[in-house]
Amino acid sequence: MRFDEVKVEGLFKRVYNNKLEEHDGNDIKEFIKMVFQSGVTPDPTSLHKFNNLVVKTADEVFKVNASKLIELIANFKNEKQGTIVKYDVPQNLKVKHIWSANGSGVDLKRVEKRKSYIATGKTFSTGIYYEPLTGDNAIEDFRVAVNKIAEAKTDLYFGEITKLIQAAVTQGTIPAKNVVQGSNTTLLDYNKLASALSRFGGKPIFIGDTSLIDYFAMQQATDGTIKGLLYDEIKKELLTSLNPTTIGRSTAVNLINPFTNTSNTKTKYPVNVGYMLAGEAGKPFHVTEFGGMRQFTEQDPEDERIKLKIVQEADISLFHAQTVGYIKEDAAVSL
């Protein structure tokens, strides 16, 4: 199969979405076979071209699916390289500083008395690997590789966002009243934070692992005051739902947090840490990416895995830290 980037990119999208046209099944198998010949080290140029299109496909998947977590907490958009993006600094929230990720750490920038802020693209990178696409499952393995890259981009952005939150907690730009941390924290502690954030308007949103959500949600059934106020719908949710959505006056959103090892002792994100956002203060974060992902390819001669370094230019900033809450349960919630 002759390499035509536009045609192959369209082929990859149709194969990933399982919307194959007449000859797509044979074409994708032929193309994969051309790159990954059994028993032969892939040609570096062909492998690089192949991975460029895999990454492009993953970028499209990210925009449709994987970005949902980011869009829950951040104003997210994609712009062309070189575009000037200006953020409005919320005047009603009296923002004095913003936190910005720089790819290796975080920066605190003063914006007091400013009405706008220019987004600055920084370089962020992460790495993934996939097995050579050979054998009868090559098409499904192709989809797995695309998903891994899209998920890696989500993890990259979310990881930078959590670094900003941690820096803001340490520095105090997330107020001490917005931080609930300790052993055997209670529903009363949780509700105090929710009440504080509700002063910005709306119903607070709590984002956390299902174990942390369960920890607080189930306390509703044992609290001497609250258990008598629970109506039947919430009782049923506590009894049967895998992902309870109501904790007091807040809405809980389950963080998809799979195991990352075969012994089920480690997860992608900490199970005992959660984040609460004011409901109507506007999303506290801005994530603007410039262009799409770029990749650098190598193959490990020992295990033959295909290794990719993924690079993305983006601005990731926390604007109004006072509308963010941080919860960490040190004892009662663990794997």
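**Exercise 1. Is F319 buried or exposed in this predicted model?**

Solution. Start with the number for F319: a relative accessibility of 2%. The cut-off for buried is under 20%. F319 therefore counts as buried. Now apply the rule to Y117. Its relative accessible area is 4%, so Y117 is buried as well.

**Exercise 2. Classify the aromatic pair of F76 and Y157, and say what it ties together.**

Solution. Begin with the total: the model, which is predicted, has 19 aromatic pairs. In the pair of F76 and Y157, the ring centres lie 6.5 Å apart. The planes meet at 50 degrees. Planes under 30 degrees apart would be stacked and those over 60 edge-to-face, so the rest are tilted. The pair of F76 and Y157 is therefore tilted.

Next, place the residues. F76 belongs to strand β1 (residues 74-79), and Y157 to helix α5 (residues 138-171). The two parts are 81 residues apart in sequence, so the pair ties them together. Finish with accessibility: F76 and Y157 are both buried.

**Exercise 3. Which geometry do Y117 and F319 show, and where does each residue lie?**

Solution. The centre-to-centre distance for Y117 and F319 is 5.9 Å. The angle between their planes is 75 degrees. The label is edge-to-face. For location, Y117 sits in strand β5 (residues 116-118). F319 sits in the loop between β13 (306-318) and β14 (324-329). The pair thus links distant parts of the chain, 202 residues apart.

**Exercise 4. Which residues form one aromatic cluster, and which lysines lie over the face of a ring?**

Solution. Take the cluster: F12, F31, F36, F50, Y130 and F142 belong to it. Then take the lysines. K148 lies over the face of Y129, 4.2 Å from the ring centre. K153 lies over the face of F62, at 4.8 Å from the ring centre.

**Exercise 5. Trace the network of salt bridges that holds E5, E9, K13 and K56.**

Solution. Side chains of opposite charge can pair when their charged atoms come close. The structure holds 16 salt bridges. One of them joins K56 and E5, with the closest N and O atoms 3.1 Å apart. This pair links distant parts of the chain: K56 is in helix α3 (residues 44-66), E5 in helix α1 (residues 5-16), 51 residues apart.

Another joins E9 and K13, at 3.7 Å from N to O. Both lie in helix α1, 4 residues apart, about one turn of the helix. Together, E5, E9, K13 and K56 are linked in a network.

Check accessibility. K56 has 36% and counts as partly exposed. E5 has 39% and is also partly exposed. K13, at 31%, is partly exposed.

**Exercise 6. How far apart are the closest N and O atoms of R110 and E112?**

Solution. The distance is 2.3 Å, and R110 forms a salt bridge with E112. E112 has a relative accessible area of 28%, so it is partly exposed.

**Exercise 7. Describe the lining of the second largest pocket.**

Solution. Volume comes first: about 310 Å³. Count the lining next: 21 residues. N52, K56, D59, G292 and M293 lie nearest the centre of this pocket.

Now assign elements. α1, α3 and β12 (285-299) each supply at least two residues. α3 gives the most, with 8 residues. Last, sort the lining by type: 4 nonpolar, 6 polar and 11 charged.

Note on methods: Residues are numbered from 1 along each chain as its sequence is written. This is a predicted model: local features need pLDDT of at least 70, side-chain atom pairs count only at pLDDT 80 or more; totals for chains, interfaces and linings use all residues. Side-chain values use heavy atoms; hydrogens and water are left out. A salt bridge is a side-chain nitrogen of Lys or Arg within 4 Å of a carboxyl oxygen of Asp or Glu. Buried means under 20% relative accessible area, exposed over 50%, partly exposed in between (1.4 Å probe, protein chains only). Rings of Phe, Tyr and Trp (its six-membered ring) pair if their centres lie within 6.5 Å; planes under 30 degrees apart count as stacked, over 60 as edge-to-face and the rest as tilted. A charge sits over a ring if NZ of Lys or CZ of Arg is within 6 Å of the ring centre and within 35 degrees of the ring normal. On a 1 Å grid over the protein atoms alone, a cavity is a set of points where a 1.4 Å probe fits but cannot get out, and a pocket is an open set with protein on both sides within 12 Å along at least five of seven lines; lining residues have an atom within 4 Å of a point. Grid points are joined across faces, edges and corners, and a volume is the space filled by probe spheres set on the points. Ala, Val, Leu, Ile, Met, Phe, Trp, Tyr, Cys and Pro count as nonpolar, Asp, Glu, Lys and Arg as charged, and the others, Gly among them, as polar.
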